[in-house]
Amino acid sequence: MAEAVAPAGAAPGRRIERPGLRLRHWSAWLTPERAETLERQLAAEVPWKQEAITLYGRRHPLPRLTCWMADPGCGYRYSGLENVPEPWSSAAAQLRQELEALCGWRFNSLLLNRYRHGRDAMGWHADDEPELDPAAPIASLSLGTSRDFRLRPRTSPRRPPALPPPEGYPTASDHTAASPCTPFNLALAHGDLLLMEPPSQLWWQHAVPRQLRVQRQRLNLTFRMVRPGR
Ligand SMILES: O=C(O)CCC(=O)C(=O)O
């Protein structure tokens, strides 16, 4: 598995590691001015949609706006939604180049989420759909107001059965015990970059909970590598 490599001269980011979890967090990776400009540009130029999912025959609008940008042929299904790619906007294409240089990985797709206020949120999940290349990291850029990003070990990891749990990973019986795998929170602020490296999606889930006091919007961009045609 290739290591994500920062180019010479770039700060390497703060490592956050737990059994099965490998993160790097760059606080204010973008200057506040650049982050401000990008937030405005993306809010205006991205074709945001409010998708809806069907559960037990009823339509539920997602509590956020989204857009899937990707190279041709890189469709993506999650929560039963088939995402047909939009072409890269100029701001997103520029960011992709910078992140590829920082990470030493190519990204062919981008999921954008727009949380309009604190009632918008994202439930517990892992980014482990079959289309996603499990060897590639996911680079997540946050713009706008700070929101909590919660992490917890998975209760039933979806993984190849032959793969043993990492050392120190909780068993079903000690899931709630204090351990290096206790759920925790990261506040992701304007211009922060979070790199989620393998095998994090196999063993951990993440969520952006509702925060009713939050009034301002937050944008989140996750750059990904999908395997076309899967
Ligand atoms: O908004 C975030 O920080 C997380 C987004 C996320 O979990 C996702 O796009 O899968």
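Modeller: Start at His 125: an N or O atom in its side chain sits 2.9 Å from an oxygen atom of the ligand. That counts as a polar contact, meaning a pair of N or O atoms within 3.5 Å; within protein, one must be able to donate a hydrogen and the other to accept it, and residues adjacent in sequence count only if both atoms are side-chain atoms. Arg 218 also has a polar side-chain atom 2.8 Å from a ligand oxygen, and for the side chain of Arg 224 the N or O to ligand oxygen distance is 3.1 Å. Of the ligand's own 290 Å² of accessible area, the protein covers 99% (Shrake-Rupley method, 1.4 Å probe; for residues, only the protein chains shown count as cover).

A word on what you're looking at: this is a predicted model, where local features need pLDDT of at least 70 and side-chain atom pairs count only at pLDDT 80 or more, while totals for chains, interfaces and linings use all residues. Residues are numbered from 1 along each chain as its sequence is written, and side-chain values use heavy atoms, with hydrogens and water left out.

Now the whole shell. There are 13 residues around the ligand, and Tyr 115, His 125, Asp 127, His 206 and Arg 218 come nearest; to be near, a residue needs a heavy atom within 4 Å. By type, the shell has five nonpolar, five polar and three charged residues. Here Ala, Val, Leu, Ile, Met, Phe, Trp, Tyr, Cys and Pro are nonpolar, Asp, Glu, Lys and Arg are charged, and the others, Gly among them, are polar.

Where do they come from? Strands E8 (109-115), E9 (122-125), E14 (204-208) and E15 (218-224) each give two or more residues, and E15 has the largest share, with four. Strands (E, at least two residues) and helices (H or I, at least four) are DSSP runs, numbered from the N terminus.
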